[in-house]
Amino acid sequence: MSSPHQSVPPAKSSHTTAEGTDTGRPSGPGGLRSAGPERLAAIGAVVLAYLAFVVVGTVQDWSLGVRIGLIVPVAVIVWLLIPRKTNTPTPGVHVIGVPRLAYIGVLVLAFCVFFPFVGWPVALWPLLLAPVVAVWWVVRTHTTLSETGLDLSSMTGKKHLDWARVKGISIPKRGYVRARLDDDSEVKLPAVGYDRLRELIEASGGRLPDVFAAAEAAEAERVAAERAAAKAESDAKAEPEATASSESKDEPKSEG
């Protein structure tokens, strides 16, 4: 098994991926741009209803917690009305992203921050940004493998790496797997932890080294070397004993 911070040079291969795969990241159209008139009208109605509620609550001097507290359910309704992207995979493209089960954690986080907010909305309203940041992290964090190279997407930006620049991979003790570049620098691969390493290697189509096969081969060589050393040591011990036994047989018997 590769040790931490170990880099293995990728094997050269002309293999190309025949069919694209997808790990949950949709590749088809979606979002507000693909929404039909009916959905756009429903989204607009929800937003206008909330704004009207806020205006009425302000005029009637309702509590700030009641007026602003509906932001979370309104946002959830709007999000559900937005068309989801299709799950049709793009040929030759494989996306490794944060598992969709992470949204359950986002929902739990939203409930956790909502109740303190209602208790003291004036001071604790920034807590509502935590679920938004968590959703942004889930959506943005992923690594895409294609024929052209690696596309890295994080919360703060995107980066493209050509396959020609990738010399190997590095496995740190903690955090994401890293790509080692031709200038000996390392770049983190978003969403690619050790548990997704095999998926990364298979999706690369031979462009990245199979560190698991290399580790198994190294282990097999180590076991074979240990057995050979043990056999040589055993033979070395057995040789003097055989020589002594042979000499004792060849000695002439004394006459009585």
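**Packing in a predicted single-chain model**

Val 66 is placed in helix H2 (residues 64-69), where helices (H or I, at least four residues) and strands (E, at least two) are DSSP runs numbered from the N terminus. The model is predicted, and local features need pLDDT of at least 70, side-chain atom pairs count only at pLDDT 80 or more, and totals for chains, interfaces and linings use all residues. Residues are numbered from 1 along each chain as its sequence is written, and side-chain values use heavy atoms, with hydrogens and water left out. Val 66 counts as partly exposed, at 44% relative accessibility; buried means under 20% relative accessible area, exposed over 50%, and partly exposed in between (1.4 Å probe, protein chains only). The C-alpha atom of Val 66 is separated by 7.8 Å from that of Val 118, 52 residues apart along the chain.

The chain has eight helices and eight strands. Of its 256 residues, 29% are buried. Its accessible surface comes to about 16,400 Å², and 63% of this belongs to carbon and sulfur atoms; such areas come from the Shrake-Rupley method with a 1.4 Å probe, and for residues only the protein chains shown count as cover. Among contacts (heavy atoms within 4.5 Å) in the chain with a separation of 6 or more, 61% involve residues 24 or more positions apart.

Two pairs of helices were examined. Two packed helices are described by the angle between their axes and the distance between the axes. The axes are lines fitted to C-alpha atoms, for helices over the stretch in contact, and angles run from 0 to 180 degrees between N-to-C directions. The axes of helix H1 (residues 37-59) and helix H3 (residues 71-81) come within 9 Å and cross at roughly 175 degrees. H1 is therefore roughly antiparallel to H3; angles under 35 degrees count as roughly parallel, over 145 as roughly antiparallel, 65 to 115 as roughly perpendicular and the rest as oblique. From H1, Arg 39, Ala 42, Ile 43, Val 46, Val 47 and Tyr 50 meet Ile 71, Val 74, Ile 77, Val 78 and Leu 81 of H3. By class, this contact of H1 with H3 has 10 nonpolar, no polar and one charged residues. Here Ala, Val, Leu, Ile, Met, Phe, Trp, Tyr, Cys and Pro count as nonpolar, Asp, Glu, Lys and Arg as charged, and the others, Gly among them, as polar.

Helix H4 (residues 102-119) packs with helix H6 (residues 129-140) at an angle of about 170 degrees, with their axes 9 Å apart. This makes H4 roughly antiparallel to H6. H4 contributes Ala 102, Tyr 103, Val 106, Leu 109, Ala 110 and Val 113 to the contact, and H6 contributes Ala 130, Pro 131, Ala 134, Val 135, Val 138 and Val 139. The contact of H4 with H6 has 12 nonpolar, no polar and no charged residues.

A nonpolar core is a set of buried Ala, Val, Leu, Ile, Met, Phe, Trp, Tyr and Cys residues joined through side-chain atoms within 4.5 Å. The largest one has 22 residues, of which Leu 145, Leu 150, Leu 189, Leu 197, Leu 200 and Val 211 touch the most other members. At least two residues of this core come from each of strand S4 (149-153), strand S6 (166-170), strand S7 (178-181), helix H7 (197-203) and helix H8 (211-250). H7 gives the most, with four residues. Apart from this core lies another, of six residues, among them Tyr 50, Val 74, Val 78 and Ile 82. With neighbours within four places in sequence left aside, Leu 189 is in contact with Thr 143, Leu 150, Leu 152, Tyr 176, Val 177, Arg 178, Ala 179 and Leu 200.

Thr 144, in strand S3 (residues 142-145), is buried, with a relative accessible area of 14%. Beyond four places in sequence, Thr 144 is in contact with Val 93, His 94, Val 95, Gly 149, Leu 150 and Asp 151. Lys 158, in strand S5 (residues 158-162), is exposed, with a relative accessible area of 66%. Not counting residues up to four places away in sequence, Lys 158 touches Arg 140, Leu 152 and Ser 153.

Most residues other than glycine have a negative phi. Asp 184, in the loop between S7 and strand S8 (186-188), has a positive phi near 70 degrees. Ala 191, in the loop between S8 and H7, has a positive phi near 75 degrees and is buried, with a relative accessible area of 10%.
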